[in-house]
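Thanks, everyone. I'll go through the pockets, then the ligand. Please have the model up on your screens.

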Amino acid sequence: MELHTKNEILLEEKEQVLIISLNRPKKRNACNDSLILALEHAFDHLASSIKCVIIRGNGTHFSAGLDLSELKERDIVQGLQHSQMWHRVMNKIQFASCPVVAILHGAVVGGGLEIASACHIRIAEKSTFYALPEGQRGIFVGGGASVRLPKLIGAARMTDMMLTGRVFNAEEGERIGMAQYLVEDGEGMTKGMEIAQKIASNAGLTNYALTHVLPKIVDSNQQEGLMLESLMAAIAQDAPEAKKRLTDFLEGRSKKVGE
Ligand code: 1HE
């Protein structure tokens, strides 16, 4: 696989943050297989110095989703394998070695929304709009949306989006849970770096617990979930980093809430 030679994604490292830019602006960052595999390569080779990843899109849109020109005649098994390739890569985003922030603008549709929903924090600029045109194209989501999106916005809203082609704008998206932050156009990157720096300053174990353990707790039944939480809490509080941070607070050396 020839990676980076086609520049489907661009990588930039800045203050412990890896910024990944989807880079097919003329095709509205439509995701061909090569782009998805380039994302996988980037997440497979994250340096241990990277404490947060940002994913954004070059050009006027975050991503127009699956590159429909590649949706050629596939048989059922090839269709399964293609979807599972997306699942594998989206899992690498969700379960990366550090948290991942998506900065959204313009179209966040289909597979673009699937990439965004695999990230841990979504920051939407006001130009953002969300849609699942799969319903209108006669296909179904295949990149993990049916698992991840209902956890953000609920199954009823996802069903509505696919049955009716409903498009949510940025304000509506923030209200229903698509994005945690809404910012003015052009301000996504500033907000993204601010959030990324906060994430980078956390204890690694806290970030790990949130990105790797919390999703398993959410998928567990109540008794298993509570036990997983207790185990994680006990491990976290025993870590030297936690003891140092607690002592710093008790001795007045760390910030109060909100400072
Ligand atoms: C594309 C794609 C694409 C644009 N695949 N080529 N996704 C969709 O159904 C969304 C389809 N795209 C659109 O609705 C619009 O392009 C947008 C609303 C996103 C942007 O509109 P606009 O006016 O800025 O751009 P455009 O003129 O429509 O597109 C510019 C070019 O990008 C044009 O090609 P050109 O050669 O004529 O310049 C478009 O054909 C091309 N382009 N979107 C291929 N998606 C894991 S399963 C996930 C399943 C899905 O994601 S299904 C949803 C697919």
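Start with helix 9: it gives 7 residues to the lining of the largest pocket, the largest share. Keep in mind that this is a predicted model.

The largest pocket has a volume of about 740 Å³. Its lining counts 32 residues, and the closest to the centre are Gln94, Ser117, Cys119, His120 and Pro215. Helix 9 spans 204–219. Other elements that supply at least two lining residues each include helix 2 (76–94), strand 6 (121–125) and helix 8 (188–200). By class, this lining has 14 nonpolar, 13 polar and 5 charged residues.

Now the second largest pocket. The volume here is about 570 Å³.

On to the ligand. Its shell has 21 residues, and Lys27, Arg28, Ala64, Gly111 and Arg137 are the closest. Helix 3 (111–118) and helix 4 (134–137) each supply at least two shell residues. The shell divides into 8 nonpolar, 6 polar and 7 charged.

The side chain of Lys27 places an N or O atom 2.6 Å from a ligand oxygen. For the His61 side chain, the distance to a ligand oxygen is 3.0 Å. Leu68 uses a backbone N or O atom, 2.8 Å from a ligand nitrogen. Alone, the ligand exposes 1000 Å², and the protein buries 65% of that.

How values were computed:
Residues are numbered from 1 along each chain as its sequence is written. This is a predicted model: local features need pLDDT of at least 70, side-chain atom pairs count only at pLDDT 80 or more; totals for chains, interfaces and linings use all residues. Side-chain values use heavy atoms; hydrogens and water are left out. A residue is near a molecule or strand if one of its heavy atoms lies within 4 Å of it. A polar contact is a pair of N or O atoms within 3.5 Å; within protein, one must be able to donate a hydrogen and the other to accept it, and residues adjacent in sequence count only if both atoms are side-chain atoms. Accessible areas come from the Shrake-Rupley method with a 1.4 Å probe; for residues, only the protein chains shown count as cover. Helices (H or I, at least four residues) and strands (E, at least two) are DSSP runs, numbered from the N terminus. Ala, Val, Leu, Ile, Met, Phe, Trp, Tyr, Cys and Pro count as nonpolar, Asp, Glu, Lys and Arg as charged, and the others, Gly among them, as polar. On a 1 Å grid over the protein atoms alone, a cavity is a set of points where a 1.4 Å probe fits but cannot get out, and a pocket is an open set with protein on both sides within 12 Å along at least five of seven lines; lining residues have an atom within 4 Å of a point. Grid points are joined across faces, edges and corners, and a volume is the space filled by probe spheres set on the points.
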